[in-house]
Amino acid sequence: MARVSRLSTSVLLTCAAIGVATGLVGGIAGWLTVPLLGWLPVLYGFVLGVHVLPGIIAQEVLRMPWVALTTHVLAALVSSALAPIYAWQFVGTAILFGGIQELVAAVVRYRSWAPWRYFISAVVIGAIVAAAVFFAADVDEFALWAQIVYLALAVLGPVAWTGVGLAVGAGLRRAGIGRRTTT
């Protein structure tokens, strides 16, 4: 007898649909990287935060293990098709961000889907983004006020995009997509 998969076809198709939509957004964000770093570098960390969307939306809609990481990887593949120069960055970001989102969900044993849980992963991701962009963009060369704004936006970016992802996910659930579970 065949073993039943933990991620059914309908779950995988939902992850794929979310991955395609958020991968398009991620690909556009990838192409914005160079102009942002050249013209308005303080916004780079905020824009990088858009990459939290696949996992947040998938977890809010499906509320089950492995959907964040699965959706992140699928989104990275779509983003890579749009902006192939950043393919490895997309895949690395997908594994990192999806892994953090899965880890936070696993800590609460995939039983709490309250907003606070999503925002914990967003703050952790934001801190990592802030540290990464600090070194990648030579933020230490900026004026002190610009360093503060840059790092604040790098932390707040994933938090703000998490709010967007929760709103999208809640809308999809109200539309009947995903599983019905209690918080």
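This is a predicted model: local features need pLDDT of at least 70, side-chain atom pairs count only at pLDDT 80 or more; totals for chains, interfaces and linings use all residues.

Modeller: Residues are numbered from 1 along each chain as its sequence is written, and side-chain values use heavy atoms, with hydrogens and water left out.

Colleague: What makes the pattern of the protein chain α-α-α-α-α-α-α?

Modeller: Helices are DSSP runs of H or I with at least four residues, strands are runs of E with at least two, and both are numbered from the N terminus. The protein chain has seven helices and zero strands, and reading along the sequence gives α-α-α-α-α-α-α.

Colleague: How do you know whether the radius of gyration agrees with that of a compact globule?

Modeller: The radius is taken over C-alpha atoms, and the globule rule is 2.2 Å times the number of residues to the power 0.38. For 183 residues a compact globule would come near 16 Å, and the protein chain has 17 Å, so the two agree. Along the principal axes, the C-alpha atoms fill a box of roughly 60 × 35 × 30 Å.

Colleague: Why is H1 called oblique to H4?

Modeller: Axes are lines fitted to C-alpha atoms, for helices over the stretch in contact, and angles run from 0 to 180 degrees between N-to-C directions. Under 35 degrees counts as roughly parallel, over 145 as roughly antiparallel, 65 to 115 as roughly perpendicular, and the rest as oblique. H1 and H4 pack at about 45°, with their axes 6 Å apart, and H1 is therefore oblique to H4. Their contact comprises 13 nonpolar, eight polar and no charged residues (Ala, Val, Leu, Ile, Met, Phe, Trp, Tyr, Cys and Pro count as nonpolar, Asp, Glu, Lys and Arg as charged, and the others, Gly among them, as polar).

Colleague: What makes H1 roughly antiparallel to H3?

Modeller: The angle between H1 and H3 is about 150°, with axes 9 Å apart, and that angle is why H1 is described as roughly antiparallel to H3.

Colleague: What is the difference in definition between a cavity and a pocket?

Modeller: On a 1 Å grid over the protein atoms alone, a cavity is a set of points where a 1.4 Å probe fits but cannot get out, whereas a pocket is an open set with protein on both sides within 12 Å along at least five of seven lines; lining residues have an atom within 4 Å of a point. Grid points are joined across faces, edges and corners, and a volume is the space filled by probe spheres set on the points. The whole structure has one cavity of 30 Å³ or more, and the largest cavity has a volume of about 100 Å³. The largest pocket holds about 340 Å³, and its lining has 15 nonpolar, five polar and no charged residues.
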